[in-house]
Amino acid sequence: MNHFELRDGELHCEGVPLSRIAASVGTPVYVYSAATLRRHFNVFRDALRSHPQIGEPLVAYAVKANSNVQVLKVLAAEGAGADTVSEGEVRRALAAGVPADKIVFSGVGKTRREIAFALATGVAEINVESEPEVKLIAEVAAELGVKAKIAFRVNPDVSAGGHAKISTGKAENKFGVSFAEAARLYANASNHAHLEPIGVACHIGSQITDLAPMEAAFRKMRGLVESLRAEGLTVERLDLGGGLGVPYFNQPEPPTPADFAAMVARVVDGLDVQLAFEPGRVIAANAGILLAEVIHVHERPEGRRFLVLDAAMNDLIRPAMYDAYHDIRPVKPRGSETAVYDVVGPVCETGDTFTRDRPLPVLAGGDLIAFMSAGAYGSTMASEYNTRPLVPEVLVDGDKFAVIRARPTYDEMLAREMSAEWV
Ligand code: LLP
C-alpha cells in the first residue's frame, strides 16, 4: 500500500495535490511520501518480528535505494539501521542519526581511507567481500589499534532470476567469497589480533519475485553457520541481504514481506543467531514518484505517437538501463479515452525512451504525469547528462511538503567547474 491516491479527480501524495508541488517546485521532481516510508519499514520489520525464531532483527535499510538524508531520518526515527557501500553513504547515515552500531558497511572495493573511516566510526559490521580485502582491513585496524568487526559476504552461487545487471549471487559475479574460502578466512580471522569475525552475509540480487532461490541461498548460509560453529568458531550474526521485489507495471507479483518472513523463519528455526536484513527497494520504491510535465505530443506520419516529457533518462535511468516498466499515471485524468504512446524524454539518444506502445489516458502538452514506484534507484541514479539540472526531491508528510534537495541553478552547475589556467 502507498499514499499516492486520486482525490477529487487529482493524484495526491498524502494530503498534497501533486499539481501544487509542480507549481511551486517545477518539474521534473521526485516526490516521496513519509507515511509510506514509515509504513513499509514497519510492515517489513513487524513481519520478521512476528516469528519467535527470528527474534529482534537488525533491519539495515539499503541507503543506495534512496539516500536523501531526510528520507534516512524518517526511517532512522522508526529504528532503521543502514546498509552502506561507500564512505559517502556512511556519512549520510550518520548525518541522519542512524547509530554507528546499526550501520553495515558492504561493497566489493572499499578503499583504505573508507575502511579507516568505518573503523573510526565504529560501524556494526564490515562485510568483507574478498581475501585481499580481509588483509587490507587487518592492516588498517592494526594501524588504528582497533579490532574490526567483520562478516564474510558469501556468494551462494544461486541464480535469483530477474535482470542480469542486478543479479549478484552467481559464482561468476564479482561479489563475495566461496563457501570454502569463507571457512578458511573465518578461521584465520578469528586468530587475528585486529579482526573479530562476527558473522556471515549474503545478497543474491535485487527485484527478486520468487522466494525459492532466496530460500535455497539462505539454507546454504544456515549450513555454513552450522559448519563454522562445528569448528568451534563463534558466529553471532547472519546477514541475509536485501532483494525482495516490488510490484512494477505488468511485471510478476512479488511475494509479500509476510511470505518472506515466514520463509526466513522456517530456514533459521533453532539456529539461534542474530539476523540482519538489507532491504532497499521494498521500503522506498512505492514511497516515491517522479512527477513530470508533457511538453507536447508528436505524431509521426508513420503512425507513432510520442509523448515528449520534461523528464528524461538522466532523471530516471531504470527503463533505459534495465528495461524496467514504471506505471505512468496522469495527475488529472480526464475520462476514459486512451491512446497508445511511446513515452520519451528530451535527451539526444534513442535510449531515452521510458516505454513504447503504452496505452495511456489521452494526454496533451501541459499535463502532469507521475512515474509510479520511482522512490528506489530513481534520484540516486540521476545525473546531469545533457547539462540538465539534477532533479530535485520533495518530501510530503500529511498536509506538509518540503524541498529536500533543491534543483541547482545553471550558475551553480557552472560554478562547480574550475578553469585550467593554461586554457
Ligand atoms: N544489500 C546489498 C549488498 C546490495 O548490493 C543491495 C542492492 C541491497 C542490499 C538492496 O537491495 P534491494 O532490497 O533494494 O533489492 N539499480 C538497480 C538495483 C541495484 C541493486 C544493487 N544492490 C535498479 O534500479 O533496479
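The chain is assigned domain 1 (4-32 + 285-415) and domain 2 (34-280), with bounds taken from an automatic or database domain assignment. The model is predicted: local features need pLDDT of at least 70 and side-chain atom pairs count only at pLDDT 80 or more, whereas totals for chains, interfaces and linings use all residues. Residues are numbered from 1 along each chain as its sequence is written, and side-chain values use heavy atoms, with hydrogens and water left out.

**View 1. The interface of domain 1 and domain 2.** The C-alpha centres of the two domains are 32 Å apart. Contact (heavy atoms within 4.5 Å) links 26 residues of domain 1 with 23 residues of domain 2. About 2100 Å² is buried between the domains, 57% of it from carbon and sulfur atoms; buried area is the accessible area (1.4 Å probe) that two parts lose on being put together, summed over both. Of the area that domain 1 buries against domain 2, Y322, Y325 and Y377 supply 26%, more than any other three residues.

View 2. One salt bridge is found between domain 1 and domain 2, the criterion being a side-chain nitrogen of Lys or Arg within 4 Å of a carboxyl oxygen of Asp or Glu. D397 forms a salt bridge with R38, and their closest N and O atoms are 2.9 Å apart.

**View 3. Helix α3 and its ends.** Helices here are DSSP runs (H or I, at least four residues), numbered from the N terminus. In α3 (residues 69-77), the buried residues include V69, L72 and L75; buried means under 20% relative accessible area (1.4 Å probe, protein chains only). N68 caps the N-terminal end of α3, with a side-chain oxygen 2.8 Å from the backbone nitrogen of Q70. After α3 comes G79, with a positive phi near 105°.

**View 4. E215 in helix α8.** E215 is located in α8 (residues 211-230). This glutamate counts as buried because its relative accessibility is 17%. Leaving aside residues up to four places away in sequence, E215 touches M263, R266 and V267.

How values were computed. Buried < 20%, exposed > 50% of the residue type's maximum accessible area, 1.4 Å probe, protein only. Helix = DSSP H or I, 4+ residues; strand = E, 2+ residues; numbered from the N terminus. Polar contact = N/O pair within 3.5 Å; in protein donor to acceptor, adjacent residues only side chain to side chain.
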